[in-house]
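Please consider the sequence and the three-dimensional model shown below. The paragraphs that follow lead from individual residues to the overall fold.

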Amino acid sequence: ITTISVSFLFTQDHIDELIQHVLHGSRDSAAISFPKIEQKYPNNPSVMYLKGLLETDGETAMTIFSTLYNTHPASDYGDDAVMKVSEYYYAAGLYIQAAGWLKKMPIYYSRSEHIDRAVKLFLNSLIVSGHKDTAIFYSRVFKRQFPQLDVDGRINELLQNFEKSASSFC
């Protein structure tokens with residue numbers, strides 16, 4: 001049993017290292033190692049996250065990250081998966097879907113390193129999709145939940161930017 005757990009820990013460290021390489025722009029070693037790792041540990045959340053990072057088709061990657069979140073929400077990469085799905089929808093201009101995913105961050109991953117960006121994207125998604133009052137409501141909630149974030153500054157900046165861009169279309 002010890003051999004198996006030591007072997008898995010070595011592999012887990014290796015997978016985490018490959019993920020860091022991909023996140024820092026170096027895909028080669030991960031792409032070479034990935035097929036063997038996936039064959040051995042297909043349902044491992046770290047392997048699923050690495051697969052999503054290596055995927056070149058955005059929609060397919062989003063599906064992988066969505067599956068990762070749905071099957072392993074408490075994994076080390078659960079919050080990362082939520083952000084990847086959110087960013088996909090946001091970049092595609094699907095702000096309601098992005099907001100739905102981004103809302104998971106303060107609820108389930110309030111200690112995530114992504115929380116600042118998630119709050120900003122969430123509020124912006126609401127504003128851009130025409131839910132300004134909802135954005136203001138959530139900004140008040142976030143101000144209490146995350147006193148270290150400048151939520152007032154963020155919401156004011158987002159509202160000003162939205163109003164400027166809206167008036168330039170008139």
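A polar contact is a pair of N or O atoms within 3.5 Å; within protein, one atom must be able to donate a hydrogen and the other to accept it, and residues adjacent in sequence count only if both atoms are side-chain atoms. The model is predicted, so that local features need pLDDT of at least 70 and side-chain atom pairs count only at pLDDT 80 or more, while totals for chains, interfaces and linings use all residues. Residues are numbered from 1 along each chain as its sequence is written, and side-chain values use heavy atoms, with hydrogens and water left out.

The protein has ten helices and zero strands, where helices (H or I, at least four residues) and strands (E, at least two) are DSSP runs numbered from the N terminus. Along the sequence the pattern reads α-α-α-α-α-α-α-α-α-α. Taken along the principal axes, the C-alpha atoms fill a box of roughly 65 × 35 × 25 Å. Of the 170 residues, 41% count as buried; buried means under 20% relative accessible area, exposed over 50%, and partly exposed in between, with a 1.4 Å probe and protein chains only. Among contacts (heavy atoms within 4.5 Å) with a separation of 6 or more, 51% come from residues 24 or more positions apart.

In soluble globular proteins, nonpolar side chains tend to be buried together. A nonpolar core is here a set of buried Ala, Val, Leu, Ile, Met, Phe, Trp, Tyr and Cys residues joined through side-chain atoms within 4.5 Å. The largest such core has 49 residues, and those with the most contacts inside it are Leu50, Phe122, Leu123 and Phe142. Helix α8 (residues 115–128) gives the most to this core, with eight residues. Leaving aside neighbours within four places in sequence, Leu123 is in contact with Ala135, Tyr138, Ser139, Phe142, Val151, Ile155 and Leu158.

Helix α8 also holds Ser125, which counts as buried because its relative accessibility is 0%. A polar atom of the Ser125 side chain lies 2.8 Å from the backbone oxygen of Leu121. Beyond four places in sequence, Ser125 touches Tyr90, Tyr95, Ala98, Ala99 and Leu102.

In the loop between α7 (104–108) and α8 lies Ser112. With a relative accessible area of 10%, Ser112 is buried. Its side chain is joined to that of Asp79 by a polar contact of 2.6 Å. Apart from residues up to four places away in sequence, Ser112 touches Asp79 and Met105.

How do two of the helices pack, and at what angle do the axes of α4 and α5 cross? The axes of helix α4 (residues 58–71) and helix α5 (residues 78–91) come within 8 Å and cross at roughly 145 degrees; axes are lines fitted to C-alpha atoms, for helices over the stretch in contact, and angles run from 0 to 180 degrees between N-to-C directions. The contact involves Gly58, Glu59, Met62, Phe65, Ser66, Leu68 and Tyr69 of α4, together with Gly78, Ala81, Val82, Lys84, Val85, Tyr88 and Tyr89 of α5.

Finally, Leu159 is found in helix α10 (residues 151–169) and counts as buried at 13% relative accessibility. Neighbours within four places aside, Leu159 is in contact with Ile127, Lys132 and Ile136. Its C-alpha atom and that of Gly25, 134 residues apart along the chain, are separated by 34 Å.
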